[in-house]
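Please open the model in your viewer and keep the selection tool at hand. The stops below go one by one, each with something to select and a note of what is there.

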Amino acid sequence: MSRTPSRTPVYIICSPRPFVGKTLIARLLTEFLALQRGSVVAFDVNVKEPSLLDYLPRLTETADVGDTFGKVQLMDRLIVGDGVAKVIDLGFHAFDEFFGTFGEVGFIKEAARRQVAPVVLFVPDNDRNSARAFATLQDIVPPRQLIAIDNEHVMHGEMPRAFADGRVVRIRALPPFLKTYIDRLNFSFTGYLRAEPDASTELNQWIRKNYTSFRAIELEMTQARV
């Protein structure tokens, strides 16, 4: 068997609900990809601050999906198999507009043709709107490309079956003082790993665990054998 060329990953971090830790996950993933691959482009589709652009201004561009031109422009950027990883921090206000277009243009099928690997990281809460939105995504995104993020800061216990029956990545809750620490605009996860030699600290282990989870997804989605 021979290995196909590495596919270009496109990670869409999304939720139909606010305050679920979506931008935190986008920050973690963007920093991991910058460390792992050497290059990444992130797109901030948010109306609230602080947003991904505030945390990672050198790696992030703003995007607007409020009109047809903005949606097409973003889709055109995402469908290019150029080897540069893409991360979209999709604000809850843009969830329906983005995925409506995503389904209409047949993004999944076109991405496969162009050696692009879309991965949807869905961040739920216990509201029924989360379950409805997740069911909608299941109709347009293949199961292995749709991952529910169990953010313990939000879910506070066992995930509802609507999400737990599929692929799940867990983000462990941090103590409040560490959560406040990483929420600072000048905080860098990779920078902390480089500056903190003690791998036994809680934050060091937390960052490494999340990076390991992302690395597993990255290897699976970008490499294929034929």
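How many salt bridges does the structure hold? The structure holds 15 of them, a salt bridge being a side-chain nitrogen of Lys or Arg within 4 Å of a carboxyl oxygen of Asp or Glu. Before selecting any, note that this is a predicted model, in which local features need pLDDT of at least 70 and side-chain atom pairs count only at pLDDT 80 or more, while totals for chains, interfaces and linings use all residues. Residues are numbered from 1 along each chain as its sequence is written, and side-chain values use heavy atoms, with hydrogens and water left out.

Select Glu97 and Lys71 to begin, whose side chains meet in a salt bridge at 2.6 Å, N to O. Glu97 belongs to helix α4 (residues 95-104) and Lys71 to helix α3 (residues 68-78), so this pair ties together parts that are 26 residues apart in sequence; helices here are DSSP runs of H or I with at least four residues, numbered from the N terminus. Lys71 counts as buried at 14% relative accessibility, whereas Glu97 is partly exposed at 39%; buried means under 20% relative accessible area, exposed over 50%, and partly exposed in between, with a 1.4 Å probe and protein chains only.

Next select Glu110 and Arg113, which form a salt bridge with the closest N and O atoms 2.6 Å apart. Both residues lie in helix α5 (residues 107-113), 3 residues apart, about one turn of the helix. Arg113 is exposed at 61% relative accessibility, and Glu110 is partly exposed at 23%.

Then select Arg17, Asp125 and Asp127, which are linked in a network of salt bridges.

Move on to helix α11 (residues 202-222), whose 21 residues should span 30 Å, and whose end C-alpha atoms are 30 Å apart, which agrees; the expected span is 1.5 Å times one less than the number of residues. Among the buried residues of α11 are Trp206, Tyr211, Phe214 and Met221.

For the last stop, select Phe19, Gly21, Lys22, Thr23 and Pro50, which lie nearest the centre of the largest pocket, out of 24 residues that line this pocket. A pocket is an open set of points on a 1 Å grid over the protein atoms alone, where a 1.4 Å probe fits, with protein on both sides within 12 Å along at least five of seven lines, and lining residues have an atom within 4 Å of a point. The largest share of this lining, 4 residues, comes from α1.

Definitions and conventions. Helix = DSSP H or I, 4+ residues; strand = E, 2+ residues; numbered from the N terminus.
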